[in-house]
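Subject: Structure handover

Hello,

Here is the structure I said I would pass on. Please keep it open while you read the notes below it.

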Amino acid sequence: MVFVLMIGIFLSVLDFFIVSVAVPSIQRDLSATSATVQLTIAAYALGYAGLLIVGGRLGDIFGRRRMFSAGILLFTVASAVCGVAPNAESLIAGRLAQGLAAAVMTPQVLSIISATLTGAPRARAFTAYGFTMGIAAVFGQLIGGVLIWADPMGLGWRSVFLINVPIGVVALVLVPRRVPESRATGRPVLDLPGMILISLAMGAMVLPLIEGRERGWPLWAWLCLAAALMLFAAFMVRERAVAGRRAAPLVHPGLFHDRAFSAGLLTQLFFYFGQASFFLVFAVYVQNGRGFSALQAGVLFIAIGGGYMATSLIAQRVAMRLGRQVIALGALLRTTAAVSMIAALAGPAGEGSIWWLVPALVIDGAGQGLAVAPLASTVLSRIDPQHAGAASGVLSTGIWAGNAFGVAIIGIIFYGTLSRAGGDPFRDAFSASLVFIAVVGALVATLVQLLPRAPQSAR
């Protein structure tokens, strides 16, 4: 069962990161502007973020296995559409469909684990979740670079999308045989007004965070962010009113009364401030600042992946000894790695071989590996199976929101420094960004202390 579920996680995370290295090839082949091609990333993000909470609730109502299968099917078809797209507009439409499919598919993974497994099997499933999620994120650019370099059957950039099709078909065959069905008890219904409000709120938040910096933070970006705040507030008012009538809200307000869920969600939000944001500025630094190809940059990511693999497989066992502090340890390792890279850039790695950064990259990956799975299991540690889908949707939304905010903030730091820097602008911009990563790590280690002393992940 767990293996099949991890296919969904791997595909959804991989396809956010893998497309970055294909952007130049897509632009040349489709004769598209840079702004249009950037929408291939934004479209996926909008679809993904806008429907995550709804996707989780759909699993509660209609069956988690059924919605997982539906998500896999739509993702596979959308990937094929992207792979054969004759123009940029078709590609953007396919990417939007991919994001919507991922939003239906992804929340079901954690909700199925939470609703059907207990004890050691559940701990192993969370370990697999953390391992798969990290490997897909860390190696996404490497996999994309290898596919474009190898150019299988002359497909070029199209291979980064078409590779999903056979994987998706295999998953569709295995799901009904390996994954048990589960759903919320009773006869829950979908809160349609709540669904519309949260989808609009997430879209209004994510679009300016992704496109705002590229377009110079125009007025519409700030208006979208202001509208997002009002929509989120309206959503919370709506959900409280629905719960007060003893009806079925999209997200039950009672979820946030549990400290493991609310404090864990806040901790996770800030933890992910430093993940995609670091991958972004590191890739830009080594390619634009040091002249690496996409494939060479991907090879450097192996150092992060090696550290991640080494610790993610033992993270739950370490959590049994350290409890919540395993997350703090992971965050502090990331801070240590960032400080070490700042020091290395001021020395040999700043002027000579970039390989001086490798030890710090391994430490950074190790810190991520220690934290990802324990964070997820902590947030969901006391959730009633009745609300597993909605809680998993909120959890996935927190991951996405953290990445989006982190990328927006670090983009301001990196490109702001780049425009003012002197002798080695890319090195200075990367170093300034690492200060942000170090501060985020220290903040996460502090927020961990708000978590219950003995979350389920530590038992």
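This is a predicted model: local features need pLDDT of at least 70, side-chain atom pairs count only at pLDDT 80 or more; totals for chains, interfaces and linings use all residues.

Residues are numbered from 1 along each chain as its sequence is written, and side-chain values use heavy atoms, with hydrogens and water left out.

Helix packing

Helices (H or I, at least four residues) and strands (E, at least two) are DSSP runs, numbered from the N terminus. Axes are lines fitted to C-alpha atoms, for helices over the stretch in contact, and angles run from 0 to 180 degrees between N-to-C directions. Angles under 35 degrees count as roughly parallel, over 145 as roughly antiparallel, 65 to 115 as roughly perpendicular and the rest as oblique.

Start with helix H1 (residues 2-17) and helix H4 (residues 64-83), whose axes come within 11 Å and cross at roughly 40 degrees. H1 is therefore oblique to H4. Their crossing is left-handed (the near helix is turned anticlockwise from the far one by less than a right angle; clockwise would be right-handed). In this contact (heavy atoms within 4.5 Å), H1 supplies Val4, Leu5, Gly8, Leu11, Ser12 and Asp15, and H4 supplies Phe68, Ile72 and Phe75. Six of these residues are nonpolar, two polar and one charged. Here Ala, Val, Leu, Ile, Met, Phe, Trp, Tyr, Cys and Pro count as nonpolar, Asp, Glu, Lys and Arg as charged, and the others, Gly among them, as polar.

H1 also packs with helix H6 (residues 119-150), at an angle of about 30 degrees and with the axes 8 Å apart. That angle makes H1 roughly parallel to H6, and the crossing is right-handed. Residues of H1 that meet H6 include Met6, Ile9 and Phe10, and their partners in H6 include Ala125, Tyr129 and Met133. The contact of H1 with H6 has 14 nonpolar, three polar and no charged residues.

Further along, the axes of helix H11 (residues 259-271) and helix H18 (residues 388-420) come within 8 Å, crossing at roughly 25 degrees. H11 is thus roughly parallel to H18. Phe261, Leu265, Gln268 and Leu269 of H11 make the contact, with residues of H18 that include Val394, Leu395 and Ile399.

Is Thr311 buried or exposed? Thr311 counts as buried, because its relative accessibility is 12% (buried means under 20% relative accessible area, exposed over 50%, partly exposed in between; 1.4 Å probe, protein chains only). Thr311 belongs to helix H13 (residues 294-312). A polar atom of its side chain lies 2.8 Å from the backbone oxygen of Ala366. Leaving aside neighbours within four places in sequence, Thr311 touches Gly365, Ala366, Gly369 and Leu370.

Thr417 is in H18 and is buried too, at 14% relative accessible area. With neighbours within four places in sequence left aside, Thr417 is in contact with Asp428, Ala429 and Ala432.

A loop

Asp151 lies in the loop between H6 and helix H7 (159-162), and Met153 is in the loop between H6 and H7 as well. Phi of Asp151 is near 50 degrees, a positive value in a residue other than glycine. Met153, also not a glycine, has a positive phi of about 55 degrees. Asp151 is partly exposed at 34% relative accessible area, whereas Met153 is exposed at 78%.

Regards

Definitions and conventions
A polar contact is a pair of N or O atoms within 3.5 Å; within protein, one must be able to donate a hydrogen and the other to accept it, and residues adjacent in sequence count only if both atoms are side-chain atoms.
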